[in-house]
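Biologist: Please pick one part of this predicted model and look at it closely. Then tie it to its surroundings.

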Amino acid sequence: STWTGATRASLDEVDEAIARLLKEKAVVKKSERVPVRSLRVGQRLTGIIQQIGPFGLFVDVGAQRDGLVPISLVSEGYIADVYEEYMPGQKVTVFVAQIKHNGELSLTMQPCRARRSKGMLKE
């Protein structure tokens, strides 16, 4: 990283501030968002990263709630530091991996993983 002297805490604060600004600038009425249940496993979506955590990326795909791309489903290869590869506000292509009974949306950035999971994961 070229940011010398920046701590992980300060980078996290910047990530959160950027995500807040993006949400304020791109507010979509809840009534205009699609229900999570209308999505299908394997469906390709374009989204915007809202937040990055140690366990994954939260991505806004226009549904009534953001989806989570777990770290293990971000890339086929190893990613040493997800903060080096992605940032809030970044546009990404994701695939629906699972729609849980409680309405949580699990996403993947690996198209082959989405196709393989179609029959294995519950909608």
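Modeller: D60 is buried, with a relative accessible area of 16%. Buried means under 20% relative accessible area, exposed means over 50%, and partly exposed lies in between (1.4 Å probe, protein chains only). This is a predicted model, in which local features need pLDDT of at least 70 and side-chain atom pairs need 80 or more, while totals for chains, interfaces and linings use all residues. Residues are numbered from 1 along each chain as its sequence is written, and side-chain values use heavy atoms, without hydrogens and water.

What does the side chain of D60 meet? It meets the side chain of R33 in a salt bridge, at 2.8 Å from N to O. The pair ties together parts that are 27 residues apart in sequence, because R33 lies in the loop between helix 1 (8–25) and strand 1 (44–53), and D60 in strand 2 (residues 56–60). The cut-off for a salt bridge is a side-chain nitrogen of Lys or Arg within 4 Å of a carboxyl oxygen of Asp or Glu. Helices (H or I, at least four residues) and strands (E, at least two) are DSSP runs, numbered from the N terminus. R33 is buried as well, at 15% relative accessible area.

How many salt bridges does a search of the whole structure find? It finds two. K100 and E104 supply the other, with their side chains at 3.7 Å, N to O. K100 is partly exposed, at 33% relative accessibility. E104 is partly exposed too, with a relative accessible area of 33%.

Back to strand 2. Four bridges join strand 2 to strand 3, and the two run antiparallel. Strands count as paired if DSSP finds at least two bridges between them. G56 stands opposite P70 in strand 3. Strand 2 and strand 3 make a hairpin with six residues between them. In its turn, G62 has a positive phi of about 90°.

By the pairing rule, the count comes to one aromatic pair. F55 and F58 form this pair, edge-to-face, with 5.9 Å centre to centre and 85° between the planes. Rings of Phe, Tyr and Trp (its six-membered ring) pair if their centres lie within 6.5 Å; planes under 30 degrees apart are stacked, over 60 edge-to-face, the rest tilted. F55 is partly exposed, at a relative accessible area of 47%. F58 is partly exposed at 25%.

Next, strand 3 (residues 67–70). Its side chains alternate. G67 and V69 point to one face and are buried. Strand 3 runs parallel to strand 5, joined by two bridges. G67 stands opposite L105 there.

Strand 5 (residues 105–108) in turn pairs with strand 4 (residues 91–99), antiparallel, over four bridges. F95 stands opposite T108. The hairpin of strand 4 and strand 5 has five residues between the strands. In this hairpin, G103 takes a positive phi near 90°. Strand 4 also pairs with strand 1, again antiparallel, over five bridges. R44 has F95 as its bridge partner in strand 4.

M109 counts as buried, at 16% relative accessibility. Residues up to four places away in sequence aside, M109 touches L57, V69, L73, V74, Y86, V92, T93, V94 and F95. A contact means heavy atoms within 4.5 Å. M109 and E76 are 33 residues apart in sequence, yet 8.8 Å apart in space, C-alpha to C-alpha.

Now the whole protein. It has three helices and five strands. From the N terminus on, the order is α-β-β-β-α-β-β-α. Of its 123 residues, 34% count as buried. Among contacts between residues at least 6 apart in sequence, 62% join residues at least 24 apart.

Last, confidence. The protein averages a pLDDT of 78, and 66% of the residues score at least 70. The score is the predictor's confidence in each residue, from 0 to 100. Over residues 117–123, pLDDT stays under 50. The model has 15 contacts for that stretch beyond four places in sequence. Where pLDDT is low, the predicted coordinates should not be read in detail.
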